[in-house]
Every structure is written in structure tokens, then in C-alpha cells.
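Subject: Structure handover

Hi,

Here is the structure I promised to pass on to you. Please have a look at it first, and then read my notes below.

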Amino acid sequence: TFITNDTSTLNGSYEYIIVGGGTTGLAVANRLSVNHTVLVIERGPDAMDNEVVNDPFMPFGTWVLYPSPCFNTMDAPPQVGSNGSRLLPLTHGSCLGGGSSINAMMGSRPTFAGMNALEALGNPGWGWNDFLPFMQKSETFAPPTAEQRADGADYIAVVHGFEGPVGVSFATPFVAPTMQNAAINTSENVYGVSLSPDLGTGFSGGHVAHYYHHIHFNETLQADRRSSSAWSYLYPLAQQRPGLTVLTEHIVSSVITRPESDGNITATGVFVQPTAGGQNSLFNSTREVVVSAGALYSPAVLQRSGIGNATFLKSLGITPVLDLPGVGANFQDQILLTKVSFPLAPSANTTNVTAGDKVLLGVVVAHPTAIDAFGPNGTDIIEAALLNSSAEFALSVGGVVNAESFSAQASLMANAYRIDHPIIELFYTPGSKGLEAWSQSILPLSRGTVRINTTDPSVDPVVNTHFLTVDIDVQIALRMARGIAQAALTPPFSDLIAIDALAESGVPGPDATDEEVKDWVLATYMPGIHFVGSNSMMPQELGGVVCPELLIYGTTNLRVADASIVPMSIFPHTTLGLYGVGEKAADMILNGQK
Ligand SMILES: Cc1cc2nc3c(=O)[nH]c(=O)nc-3n(C[C@H](O)[C@H](O)[C@H](O)COP(=O)(O)OP(=O)(O)OC[C@H]3O[C@@H](n4cnc5c(N)ncnc54)[C@H](O)[C@@H]3O)c2cc1C
């Protein structure tokens, strides 16, 4: 594999070009380059030996002290759902490996209910049974050691893969067993969820478990390492591919297309610009171009290429080559109630509780269902709220292209909740300053947009998130906040934290009114940073951008493979599902599926 940041060393033509060397893009590139020439173009640097990137205990919360070369962020402008006053940081990875080189490595999978909802939205071949083999193909799961098992770790072998590039394992040693077991028992008490040996079976709703991460134990270093997509699909000796070339520190400004006589367009190459500024280069592709720049940037690449809402493109002086109003619509993310830190009880200051300074986010994760979170009629309550939600706001801001798209998605979410899709995630993190409990929504209905406002590729697109603009999303956020407060007051977790820990944390207590909780939520929530949907895979009449084969409607050979194709946020955390998307995309491309 040839990795360079110098275009003068490259050929002018490759069979496949991948736009973005991130999480999904490198998985696709790896598989295609076994028998083909492939050029990956990545905006960020190659951070192969950077310890801030590779050490899994470095990233979260320590960026100020140890800046990661992969860290990148842009602000979503203030808007309705952020109290009209807050800028929300949209953090993302920009280097080889993309988000997988900076994320918290929480190893979550989509669910049976979620994948089947995706299929029912008009995507044959994407149900759980079809998709699971691709997630398995990507991973090498490390079963817990005897010591980890004694501390409570477990797994179900049949749902895992054992020969793929991505390492998935429990931390060695187990991070903080006392705290982890207390968190499990407390979640059972707070939400009525039961202990599952493995949250990756597709049936995580109603369960809690010790969690695995995208890390592997390095025998030489005798330490855990991050299994980024770069360290899984690109750098290891076994993954070297003579046909694979990677150009770093260059931005793809646009995809070049030519019209066909039948009205379709064909991608023939890309224009590329150095990230630091400078001369444009052109690279040709003889087979396909795959856009894998992530949910924030892939719509921008397409819009600059003349693919998107024609009226909008013309307003920027861009000549439309394909009128696809769904490009940049249906953008969504989960809501994260974050950085809720509870000071330790004086008696609790032991490594088994705090893990010393080893912060690995989400070592215990609970997935309450609608019934667990809202009571015995929870599913009906949520279904009624979803089906009665109005598309008006989303339509007015371009978050959906029509009301049918909004209601089809709402109704599939209600179905998913009927078959135990989790509605909330509550996760626990030990740290030297205290114990943290965060909570995240999973399937939001609020919809936003990603739109460029200039043709300059070095300028970030404008991302109007429109979080919490549908009432059901607000109601779920309130329940998340109340769940965190309950956890702080429920033994055995409460025994590990100071008596006044809840008050110290700032989370509203059980006596707070809904209005007070809402104020706290609106003032403190953060994006879940699992952005999806901005080039959704769904029927074109619902605003879809790609078909189930990930080909952009109206093109012969231009595909998208990254988080932007996921039309509903069915991946509680995205990465392991996205490796499945990458594997499936490569499989479809190599089999000529269109
Ligand atoms: C801080 C953080 C924590 C997270 N924690 C978790 C977690 O614990 N578990 C989990 O599963 N997920 C987590 N995620 C989410 C997950 O990492 C992302 O959803 C995932 O990495 C997205 O993958 P992708 O392939 O869609 O895009 P990316 O991995 O973002 O890849 C896109 C790549 O394209 C490049 N690019 C963009 N535009 C261009 C262009 N024009 N030309 C060339 N290159 C371009 C970017 O630099 C980037 O490298 C986290 C994300 C962040 C940011």
C-alpha cells in the first residue's frame, strides 16, 4: 500500500476512487483493492504512530492537554432546539480512519428491529439476517479472558466474527469491576432491564451489560490499542495491497460526471485540492467513484458536483447535473446528556471503582425499551406520540422532502419499539474525578439539513441540526435526564458516590418539575455525534439519494458508503454497523450489483 501526500508521485487513473479515508471508506478500499487499483483521497493527515490516537485511554476529555491530529469540529448555528442561543459543536474525525481514529470506541451494533425497519423502508437485503454476516466479516472478537469472565464479562459466540480486521474486546484488565457491577444492578433497579451476556445479538432492548469496545490487546506492548479503521483495514502487514494508493491531506472538491444518452450520469473522476490550499489535480476512475466523506461532508461533495436540489444548486451558481432534493436532507443525530460526573464517596476511592486515570467511555450500557422507560403502556404512548407528530416544521426547514417520508419513518420507529428496540441508552464511565453516567437518545424524529453555502471545498457546509424540534424527542430527553438522577440515588451505584453527588452534578433531582428538567436538558445537551441520514438510502419518492445497492439514483457508477446513507438512526453507536456497511458495499460492487 502506498500512502503519500504528494500528488506528483501518483498515476492519473485508477479503477476505483474513494472519497474519504475514514471509517467506512477504508473498509471498502481494502476489499476492492485485492484485485483492483484503488485511490483513496483523505482530507486529513496520516496519524499512524500518534499515541494520542492509538492509546484508547487518551481521547475522551483529554483533548485539550493532548490534542489529537484527527480532531475536527464545526458549529451548528443556534436554533430552536438549542434554546435559540447555543452553538452546538459537531465533532468529527479528520485523518486516516476518520471518526474511528478519534471516537470513544463503544462497540455497539444495530438491532434486529432496527435493521428490519431499514429494510421495510424500501431496502431489500438490509434486514438483520442479511446484514449480520457483514458485521461478522469485519470483526475479530476477543472472547473475555478467565479473569474478565470472573469480573462479569460474557459473550455469545454465534453472533460474532473471529477472522475480520477490526479488533473488538473488553478492556484488559477489566476497567473498574466494582463500579461496573454496581452500575448493572442499579440499571436493573432504575429501568427494570435484565443482564444480557451480549448486547450484540440484535436484541439489546430491555438489557444491560458490561460493554466491549473497538480495541484489541497488543501482545508486544502488553497494552490495549485502538482498532481504528486505519489500524484494521490499512496499516497491518496482512492488509497491504499493491493496488491501493492513499493520498492524504487533499480534499475532493467535486466528482466529475458525463451525461449518458438515457439521462443517467457516469462518474469519470474527481477534482482534488491540497488541504493547505494550492493547485487542483484531476484523477480519473475507470470503474466507479465511492463517496465516503461522512454524513457531514458527503452531501457537500455531491452538491459541489451538481447533485442535489436543483433550485438550491442554481442559487449558488452551480449547474445541476442531477436534481436530487434528498441530498443533505433527513440529517439526524441523537441527543447526549453528557459529562454528568458524580463525586466519589470517601470510602470508594479504589482502582476497582475509579480505574485510576483510565477513562474508557461506557463500560456498562443499559438499553431500556419504551416499556422500561415509560411504564407498561410505554409502547402505546410512544407509538401514539410518533404517529401524531407533525411534519410541518421538518418540511418548512427542508429536513424532509415530503410529509410521507416523515410519517413513513415515524411509523417504522413505532414498529421497531414494538419489537423491543431500545429507546434510551444509559451508560456509565469510571474516571479519576468521579463516576459518570451519560444518557443518549437512540431514534430521534427531528430532521435537519446539510448544505454548502459556497463552492469553496475548504469551507465547511452549514449544518442545521434542528435537534429536539419534535415533541417526542423532547419527552424522551426528559426521561433520559430523570433516569440519570434515579441512577445517582439508587443503590448500589449510589453507595459509591458522595451523598450530595446528585446536587453537585447539576442534574435536576426527582422533585424537579418537567419544565425545570427541560430547561436543564436544553441548556446542557450535546449532539450524540452519530450523524446519519444526509444521503439516505430509501425510495427516491421519499427523498432517498441512494438505492439499496448504494448507487446514487440517476447514476451508473457513483455510490455512497458511509453514515450518510443510514436513513434512520438505528445504530445506537455507529461504527460497528458502518463496518458492516463498508463490507456490504464492497461485496455489492465486486458482484456488480446495481
Ligand atoms: C468524538 C467522537 C466519539 C464517538 N464515539 C463513538 C463510539 O464510542 N462508538 C461508535 O460506534 N461511534 C462513535 N462515534 C461515531 C463514529 O465514529 C462515526 O459515526 C463514524 O466514524 C463515521 O464514519 P463515516 O465512515 O461515516 O465517516 P468518517 O469516519 O468521518 O470518515 C469520513 C472521512 O472523509 C474525510 N473527508 C471529508 N470530506 C472530504 C473530502 N471532501 N475529500 C476527502 N476527504 C474528505 C474526513 O476527513 C474523514 O476522514 C464517535 C464520533 C466522534 C466524533
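The shell around the ligand divides into 16 nonpolar, 22 polar and three charged residues (Ala, Val, Leu, Ile, Met, Phe, Trp, Tyr, Cys and Pro count as nonpolar, Asp, Glu, Lys and Arg as charged, and the others, Gly among them, as polar). Please keep in mind that this is a predicted model, in which local features need pLDDT of at least 70 and side-chain atom pairs count only at pLDDT 80 or more, while totals for chains, interfaces and linings use all residues. Residues are numbered from 1 along each chain as its sequence is written.

In total, 41 residues surround the ligand (a residue is near a molecule if its C-beta atom, placed from the backbone, lies within 6 Å of it). The closest are G20, G22, G98, G99 and G294. Helix 8 (294-304) gives the largest share of the shell, four residues. Among the other elements that supply at least two residues each are helix 1 (23-32) and strand 13 (250-259). Helices (H or I, at least four residues) and strands (E, at least two) are DSSP runs, numbered from the N terminus.

Strand 13 also takes part in pairing (at least two DSSP bridges between two strands). Its partner is strand 14 (residues 265-274), in the antiparallel sense and over nine bridges; I256 has G269 in strand 14 as its bridge partner. The two strands form a hairpin with five residues between them, and G263 in the turn has a positive phi of about 95°.

The peptide bond from T172 to P173 is cis, with omega near -5°, and P173 sits in the loop between strand 7 (166-168) and helix 6 (177-191). The bond from P491 to P492 is cis as well, with omega near 0°.

Two residues have a positive phi without being glycine: M105, at about 65°, and L468, at about 55°. M105 lies in the loop between strand 5 and helix 3 (112-120) and is buried, with 26 other C-beta atoms within 10 Å (buried means 20 or more such atoms within 10 Å, with C-beta atoms placed from the backbone). L468, in the loop between strand 24 (462-464) and helix 15, counts as buried with 24 C-beta neighbours inside 10 Å.

Best wishes

Terms used
A residue is buried if 20 or more other C-beta atoms lie within 10 Å of its own, exposed if 12 or fewer, and partly exposed in between; C-beta atoms are placed from the backbone.
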